[in-house]
Amino acid sequence: MAIMTPWEEAFSYLSEPIQLHSQRVSEYTEVLFVQASAMELYLDDAKTVSRLDIENRKTAALCGYYHDIGKSKALVAYQMKSDKYSPEEEILYRKHIEDGEILLDAINNAEKRFNKKEFDYILEAILDHHERFDGSGFPKGKKEQEISIFGRIVALCDELDHITNNWHSEDPFEEAFNSILGLENHDPQLIQALKECKAKLKKVFYKHISESQIVDSGPRYVKRNSNRLFDVRYRPITNIKRKVMGYEAYPVLNVNKDTTVPLASQEFLIQQAELYDDYLNYQIVSTCDTLKRFDACNIETEFMLIRLFYNQLRKKTFLSLTKRIQTEMEIDINRIWISIPHEYLLKKNKAVNDTIKRIADSGFTIILDDVDIDQFTIEEFNELNFNGVRWDFDKLKKPEPYVKISEELKKQNKFILVDNISKTKVNPLLNSLQTDYVTGIIYGDYLEEDVIVKEELASS
């Protein structure tokens, strides 16, 4: 077992929210420090100018990272900022300033992590990050240039993180950021620097979006426990120019920590456990919730495609349940697409066919998937009000019949999707099929929601 260093041990006593907060403040601090350094502020203050030397940017990040280290000596209940503390509890909360100074000195003596300059600057951030430019802060009520520049920068970044991380809105960063600009108890020159580096700060915010509290998770229909461990993965649906248009939700049933059951085997297990309702609830709620989160992160997503199991369509409650979830989560019904494998139609089950028709009549976009071309009829396709079809690329070795049917479907303004594309240089065939959307490993694999968010925002 690895032995933790004194610093690691101290940091481990911080609650997880404070650890994550410290990381974000560290990144915000470095961005704001670099901007302030570039703007050549405080030229009449030699001490501040020397601290704003660009060579100190990593030290600035450390100031943000360790500013709350004193909270590791406090009970978890008193590590979070709150306006509901009693006077006695407020004293306990504020004690993290004093404890931070003691910890910094004691641990650095033991480990010698920082040189003297780094130590001094981090100590300034610890002591001053709750002071305010107008003298209203603590512990000493310092004001203006009495507060160290590292204290002022970390104070503003600390405030930025607290507000943006708890702002419930469709555009959380923008609205929270604007509220920060109106604060009068922070250094006005740093507020101006903050405005200048807004785009970079926004990237930090979206990089850590999965840690925030800004996006409501939606109603909880499914209780998560060891017996009902569901999950959903998503892969991009693109046009043939590889622009992402939507995402396909892939249901995952984990029977234990180390095993993910393939889709072909999942329905049997769900049927045995009589979990259809719970599974459908989770699948729809999770997908709608992900769509809301993508919207909040400005990740362009026209629709989500959900694949259903056969016995889900047999249940009379399916449509009412799905519509209720979609309505309560305030998702435009046109953005929920439903994939129905062709094999379901071939079973000739009247209840299933009636459900499919009612789904289409209710406004959902439905796609006929994994089509057996030899048993496909446009008459049945139209009778059940399908909006599109998805061909399997692996079956296109003789593309002529697919091209012919695609031409007929496009005359009716239907969508053409092609799946399982694993090769490049296929555009001539896709064009002949008049393809609207494609899926396949070269266009993107199934990923967790958090991974998609981080990758999309990092590239924006």
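This is a predicted model: local features need pLDDT of at least 70, side-chain atom pairs count only at pLDDT 80 or more; totals for chains, interfaces and linings use all residues.
## Ground rules

Residues are numbered from 1 along each chain as its sequence is written, and side-chain values use heavy atoms, without hydrogens or water. Local features need pLDDT of at least 70, side-chain atom pairs count only at pLDDT 80 or more, and totals for chains, interfaces and linings use all residues.

## Helix 2 against helix 9

Helix 2 spans residues 16-38 and helix 9 spans residues 188-196. Helices here are DSSP runs (H or I, at least four residues), numbered from the N terminus. The two pack at an angle of about 105°, with their axes 9 Å apart. Helix 2 and helix 9 are therefore roughly perpendicular (65 to 115 degrees).

Leu 32, Gln 35 and Ala 36 of helix 2 meet Leu 190, Ala 193, Leu 194 and Glu 196 of helix 9. Contact means heavy atoms within 4.5 Å. Five of these residues are nonpolar, one is polar and one is charged.

## Glu 30

Glu 30 also lies in helix 2. Its relative accessibility is 14%, so Glu 30 counts as buried (under 20% relative accessible area, 1.4 Å probe, protein chains only). Beyond neighbours within four places in sequence, Glu 30 is in contact with Arg 57, Lys 58 and Ala 61. Its side chain makes a polar contact with the side chain of Arg 57, at 3.0 Å (a pair of N or O atoms within 3.5 Å, one able to donate a hydrogen and the other to accept it).

## The nonpolar cores

The largest nonpolar core has 109 residues. A core joins buried Ala, Val, Leu, Ile, Met, Phe, Trp, Tyr and Cys residues through side-chain atoms within 4.5 Å. Leu 201, Ile 356, Phe 386, Trp 391 and Val 418 touch the most other members. Apart from this core lies another, of eight residues, including Phe 303 and Trp 337.

Conventions
Axes are lines fitted to C-alpha atoms, for helices over the stretch in contact, and angles run from 0 to 180 degrees between N-to-C directions. Angles under 35 degrees count as roughly parallel, over 145 as roughly antiparallel, 65 to 115 as roughly perpendicular and the rest as oblique. Ala, Val, Leu, Ile, Met, Phe, Trp, Tyr, Cys and Pro count as nonpolar, Asp, Glu, Lys and Arg as charged, and the others, Gly among them, as polar. Buried means under 20% relative accessible area, exposed over 50%, partly exposed in between (1.4 Å probe, protein chains only).
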